[in-house]
Amino acid sequence: MLGGWLLLAAALGLGQAAHKADKADGSPATLETALTQMDQAAKGFRNASADFEWDQYQKVVNDTDVQKGKIYFRRQGQETQMSAAITAPERKFVIFSDGKIKFYQPRIEQVTEYEAGKHRSEVESFLVMGFGGRGHDLLTSFTVTHQGFEMVDGVETVKLKLTPKVKKVSDMFSTITLWIDLRRDISLKQQFLEPSGDYRTAHYTGITINQKVPESIFKLNTTGRTKVVHSN
């Protein structure tokens, strides 16, 4: 799941072009209502935290790799920052702030930094997808289809299917599906389907909204032996 984040974030940045905000196939009125509700809820979003389970399914070997941990989001000025602590099966950390993605692997004592550069806003919109973002912003990079409502963990969610408009993104993910709690503008579940038939599913539980988040969450606790590698 983490690798997909970094690859798709890069593709969004490198392949972004100017697109009109298309309406989705199906029922534009229903979609418009959902996106407008997300826009309204986004106005009150300051931060969020959640437990996560990321499942990577590989079709060729019929096997699923599962990662678990804790994720945090916060709005800081004009930027939304993200911090994820993967606790199983191996400790890893990823932080997005100040236009940089930092990926820390304690086992090998290495931090890999990715610079978003001039495509910072596009990279940010992907990394924080489904957590406090404006609904209509999705239309810039995706054709969005309203697929009805489904219950997730006892909460009614709207199911949105996102089809990438940028070829570099569609080459990696044919569709992205979000299950959004419209009241809180939070994605309880996400699925990234690859052209190969592999898919990545993210499930978020124990969600808290607009509670105090320690500043230390958005800093890497490295050691004097940690090597920093810069990647384009």
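Reader: What counts as buried, exposed or partly exposed here?
Author: Buried means under 20% relative accessible area, exposed means over 50%, and partly exposed lies in between (1.4 Å probe, protein chains only). This is a predicted model, where local features need pLDDT of at least 70 and side-chain atom pairs count only at pLDDT 80 or more, while totals for chains, interfaces and linings use all residues. Residues are numbered from 1 along each chain as its sequence is written, and side-chain values use heavy atoms, with hydrogens and water left out.

Reader: OK. How many salt bridges does the structure hold?
Author: Twelve. A salt bridge is a side-chain nitrogen of Lys or Arg within 4 Å of a carboxyl oxygen of Asp or Glu.

Reader: What does E215 pair with?
Author: The side chain of E215 forms a salt bridge with that of R74, at 3.0 Å from N to O. E215 sits in the loop between β11 (199–209) and β12 (227–231), R74 in strand β2, and the two are 141 residues apart. Strands are DSSP runs of E, at least two residues, numbered from the N terminus.

Reader: Is R74 buried or exposed?
Author: R74 is buried, at 10% relative accessibility. E215 is partly exposed, at 42%.

Reader: Switching to S187. Where is that?
Author: In strand β10, residues 186–193. S187 has a relative accessible area of 0%, so it counts as buried.

Reader: What does the S187 side chain reach?
Author: The backbone oxygen of K189, at 2.9 Å.

Reader: And which residues does S187 contact, beyond four places in sequence?
Author: G130, F131, L178, W179, I180 and Y204. Contact means heavy atoms within 4.5 Å.

Definitions and conventions:
Helices (H or I, at least four residues) and strands (E, at least two) are DSSP runs, numbered from the N terminus. A polar contact is a pair of N or O atoms within 3.5 Å; within protein, one must be able to donate a hydrogen and the other to accept it, and residues adjacent in sequence count only if both atoms are side-chain atoms.
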